[in-house]
Amino acid sequence: LLMQAIALLNEEQNVVSVNYGDAEEMTVCGDTHGQFYDLLNIFQINGLPSETNRYLFNGDFVDRGSYSVETVVTLLAFKILYPKHLFMSRGNHESLGLNRVYGFEGEVMAKYDVKTFDLFQEVFHGLPLAHLLNQKVFVTHGGLFANDGVTIEDIQKVNRKRDLPEEGLMVEMLWSDPHALPGRAKNKRGVGIAFGQD
């Protein structure tokens, strides 16, 4: 499953353009963080992913919860089954450092082995950084950029197939946060930026 996911995700661009008709819907879900039963609840309420029931899961599939493996494997299985109807983007927790601190590495090692953990890292490196819905809505895990004028073309040029660097567009997309004040400021988390409504 992980090898199939790696092959599939590596074919996608950094920003995946998703188009669908006005009568169709796309459900966008935020952080699932290893909460497998919450994921099942989402599917119970909103229906399983299918060719007529699209989903975009916007990163942070793992860490914190006790069922990160089950959560991410379920999403990857649906991604392989419906590659043009279920979408996944990378979050800041799809990274080696956070996986070591927040539990995913320990969970994988308890349930599988280091080779499986390494394969998960390769899966995470293949995850797109953003999705563009009907050429109108830009969806990324974190937020905006330290500088104006960043284009989709700029993001497409980023080398995403690696662990998170310490700075640059990829970090800003996965770590930046909204804040109440206008303009940009340093992010309290020490990485990315804080950005206002303007």
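When I say contact today, I mean heavy atoms within 4.5 Å of each other. With that in hand, let me start at Leu 133. Leaving out neighbours within four places in sequence, Leu 133 is in contact with Val 18, Tyr 20, Met 26, Val 28, Leu 56 and Val 139.

Quick housekeeping. This is a predicted model, so local features need pLDDT of at least 70, side-chain atom pairs count only at pLDDT 80 or more, and totals for chains, interfaces and linings use all residues. Residues are numbered from 1 along each chain as its sequence is written, and side-chain values use heavy atoms, with hydrogens and water left out.

Back to Leu 133. You'll find Leu 133 in strand 5, residues 130–133; helices (H or I, at least four residues) and strands (E, at least two) are DSSP runs, numbered from the N terminus. Is Leu 133 buried or exposed? Leu 133 comes out at 6% relative accessibility, so it counts as buried. The cut-offs there: buried is under 20% relative accessible area, exposed is over 50%, and partly exposed is in between, with a 1.4 Å probe and protein chains only. Also, the C-alpha atoms of Leu 133 and Asn 19 are separated by 6.0 Å, and those two residues are 114 apart along the chain.

Okay, helices. Helix 3 is residues 68–81 and helix 5 is residues 104–111; their axes come within 9 Å and cross at roughly 90 degrees. That makes helix 3 roughly perpendicular to helix 5. For the record, axes are lines fitted to C-alpha atoms, for helices over the stretch in contact, and angles run from 0 to 180 degrees between N-to-C directions. Under 35 degrees is roughly parallel, over 145 roughly antiparallel, 65 to 115 roughly perpendicular, and the rest oblique.

Which residues meet there? From helix 3 we have Ser 68, Val 69 and Glu 70, and from helix 5, Phe 104, Glu 107, Val 108 and Lys 111. The residues of that contact divide into 3 nonpolar, 1 polar and 3 charged. The scheme is that Ala, Val, Leu, Ile, Met, Phe, Trp, Tyr, Cys and Pro are nonpolar, Asp, Glu, Lys and Arg are charged, and the others, Gly among them, are polar.

Now the rings. How many aromatic pairs does the structure hold? There are 10 aromatic pairs. Rings of Phe, Tyr and Trp (its six-membered ring) pair if their centres lie within 6.5 Å; planes under 30 degrees apart are stacked, over 60 edge-to-face, and the rest tilted.

Take Phe 104 with Phe 124: the ring centres are 5.8 Å apart and the planes are at 40 degrees, so this pair is tilted. It links distant parts of the chain, with Phe 104 in helix 5 and Phe 124 in helix 6 (residues 114–126), 20 residues apart. Phe 104 is buried, and so is Phe 124.

Phe 124 pairs with Phe 120 too: centres 6.2 Å apart, planes at 35 degrees, so tilted again. Phe 120 and Phe 124 both sit in helix 6, 4 residues apart, about one turn of the helix. Both are buried. Elsewhere, ring pairs link Phe 43, Tyr 55, Phe 57 and Phe 78 into a cluster.

Tyr 55 turns up again around His 85. His 85 is in the loop between helix 3 and strand 4 (86–88), and is buried, at 16% relative accessible area. Not counting residues up to four places away in sequence, His 85 touches Ser 50, Glu 51, Asn 53, Arg 54 and Tyr 55.

Last stop, the loop between strand 3 (54–57) and helix 3, where Asp 60 lies. Asp 60 isn't a glycine, yet has a positive phi of about 55 degrees. Asp 60 is buried, with a relative accessible area of 2%.

In that loop between strand 3 and helix 3 we also find Arg 64. Phi of Arg 64 is near 75 degrees, a positive value in a residue other than glycine. Arg 64 is exposed, at 53% relative accessible area. What does its charged end sit over? The charged end of Arg 64 sits over the ring of Tyr 102, 5.2 Å from the ring centre. The test is NZ of Lys or CZ of Arg within 6 Å of the ring centre and within 35 degrees of the ring normal.

Finally, Gly 65 lies in the loop between strand 3 and helix 3, and is buried, at 11% relative accessible area. Beyond residues up to four places away in sequence, Gly 65 touches His 33, Gly 34, Gln 35 and Glu 107.
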